[in-house]
Amino acid sequence: MTKPQLKSLTHKELQSLLKQLNINPFNANKVFKHIYHKQESIDTIDLPNKEKLLDKIETKSLKIIKKIKSKDHTTKFLFQLADKNKIESVLIPQRNKYCACISTQVGCALRCKFCISGRNGLKRNLETYEIIEQIITLNKEKPVYSIVFMGSGEPFHNYKNIIKAIHILNNHFGFNFGQKHITVSTAGIPKKIIDFYKDTTANLALSLNATNNKLRNQLMPINNTYGITSILNACRKAKTTPRRRIMIEYILFKDLNDSLEDANKLTKLLQGFHCAVNLIPFNEHSHSKLKAPNRKQVELFKETLRRKKFKVFIRESHGQDINAACGMLSN
Ligand code: SF4
């Protein structure tokens, strides 16, 4: 029987494992504090019958094989997993704080046309400990203030493991990382959107990118399965509030979805939503013929939304020179 990975266990699962081993389950607090808060190896913990626990668990970790720094101080990490697969994560400076952009799958099945991560398809889901280890490693470099699940992979195709990771990160004996500082980005899987609002208090970002199914089908083939109406209906059913709104991500492509007519259509689609809109000027790369929009057009698009009272931001690109910007992570 395969042994569980220590950092894939929730606090509750660790308690029941300790109980099975006749170790006081209260020691789960001590273990969480030791491995997440102090970030020490489990081998160095002072715990009665520690050998029994060590015998029942595995403690694999990720190996950093490359670390590249961009001109704007964004740092990209290339990790090798225990099975030799590779993933990337990015540490992004935001004023005086740091945001960790992490991967949830090796590759991605969705093959969005603008994204490098999905071009070779999906290899496998990341396990919970592989998600957590990315954050621990980045946090050793700089204290992480916010986490975005926006690296390679569709997080909702690895739903169980990302939810576990969020709860482990949030546990107050360990990292005590506030769920309000965690954002999960999805291409839009209706049932999971509703579940996510029940299972966590973290933030959701929806990668929308088009106002009609014809264009969205071309940009994001998953739209052939879940069209815009079914995704937005799920967002309506989810328990959004003004304080827990959905972030709508809209990548702007030159002459494709960046006209003022598109901006007006977007305001109509999002009418009555608790949402904010993040406009992301496309980062051109050699794997796509799509073009970056003009800066002036981006500003006009923003202004159209703002006039209709939408909260709207332009997401500036980080780490473009090291292929660490949005949609540029590979493996
Ligand atoms: S944009 Fe996200 S969902 Fe689409 S292929 Fe890339 S990683 Fe997958």
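In this predicted model, 10 residues of domain 1 touch 13 residues of domain 2, and that meeting of the two domains is where I would like to start. The protein chain is divided so that domain 1 covers 6–56 and domain 2 covers 63–322, and the C-alpha centres of domain 1 and domain 2 are 33 Å apart. Which helix gives the most to the side of domain 1 that touches domain 2? That helix is α2, which supplies five residues. If we sort the residues on that side of domain 1 by class, we find two nonpolar, six polar and two charged.

Helix α1 spans residues 11–20 and helix α2 spans residues 27–37, and the two pack at an angle of about 125° with their axes 9 Å apart. Why do we call α1 oblique to α2? Angles of 65 to 115 degrees count as roughly perpendicular and those over 145 as roughly antiparallel, so an angle lying between these ranges is oblique, and therefore α1 is oblique to α2. The crossing in which α1 passes α2 is right-handed. On the α1 side the contact is made by H11, L14, Q15 and L18, while α2 contributes N27, A28, V31 and F32. By class, this contact of α1 with α2 holds five nonpolar residues, three polar ones and no charged ones.

Helix α4 runs over residues 128–141 and helix α5 over residues 159–170, and their axes come within 8 Å and cross at roughly 45°. Because of that angle, α4 is oblique to α5. Here, too, the handedness can be stated, for α4 passes α5 in a right-handed crossing. From α4 the contact takes T128, I131, I132 and I135, and from α5 it takes N161, I162, K164, A165, I168 and L169. Sorted by class, the contact of α4 with α5 comes out as seven nonpolar, two polar and one charged.

Helix α9 covers residues 260–269, helix α10 covers residues 295–307, and their axes come within 9 Å while crossing at roughly 30°. Angles under 35 degrees count as roughly parallel, and so α9 is roughly parallel to α10. The crossing of α9 past α10 is right-handed. In α9, the residues L260, A263, N264, L266 and T267 meet L300, F301, T304 and L305 in α10. What are the classes of the residues in the contact of α9 with α10? They divide into six nonpolar, three polar and no charged.

Finally, I would like to turn to the ligand. How many residues surround the ligand, and which are the closest? There are 12 residues around the ligand, and the closest of them are C108, C112, C115, S117 and G118. Taken by class, the shell around the ligand has five nonpolar, five polar and two charged residues.

Terms used. Residues are numbered from 1 along each chain as its sequence is written. This is a predicted model: local features need pLDDT of at least 70, side-chain atom pairs count only at pLDDT 80 or more; totals for chains, interfaces and linings use all residues. Axes are lines fitted to C-alpha atoms, for helices over the stretch in contact, and angles run from 0 to 180 degrees between N-to-C directions. Helices (H or I, at least four residues) and strands (E, at least two) are DSSP runs, numbered from the N terminus. A crossing is left-handed if the near helix is turned anticlockwise from the far one by less than a right angle, and right-handed if clockwise. Two residues are in contact if their C-beta atoms, placed from the backbone, lie within 7 Å. Ala, Val, Leu, Ile, Met, Phe, Trp, Tyr, Cys and Pro count as nonpolar, Asp, Glu, Lys and Arg as charged, and the others, Gly among them, as polar. A residue is near a molecule or strand if its C-beta atom, placed from the backbone, lies within 6 Å of it. Domain bounds come from an automatic or database domain assignment.
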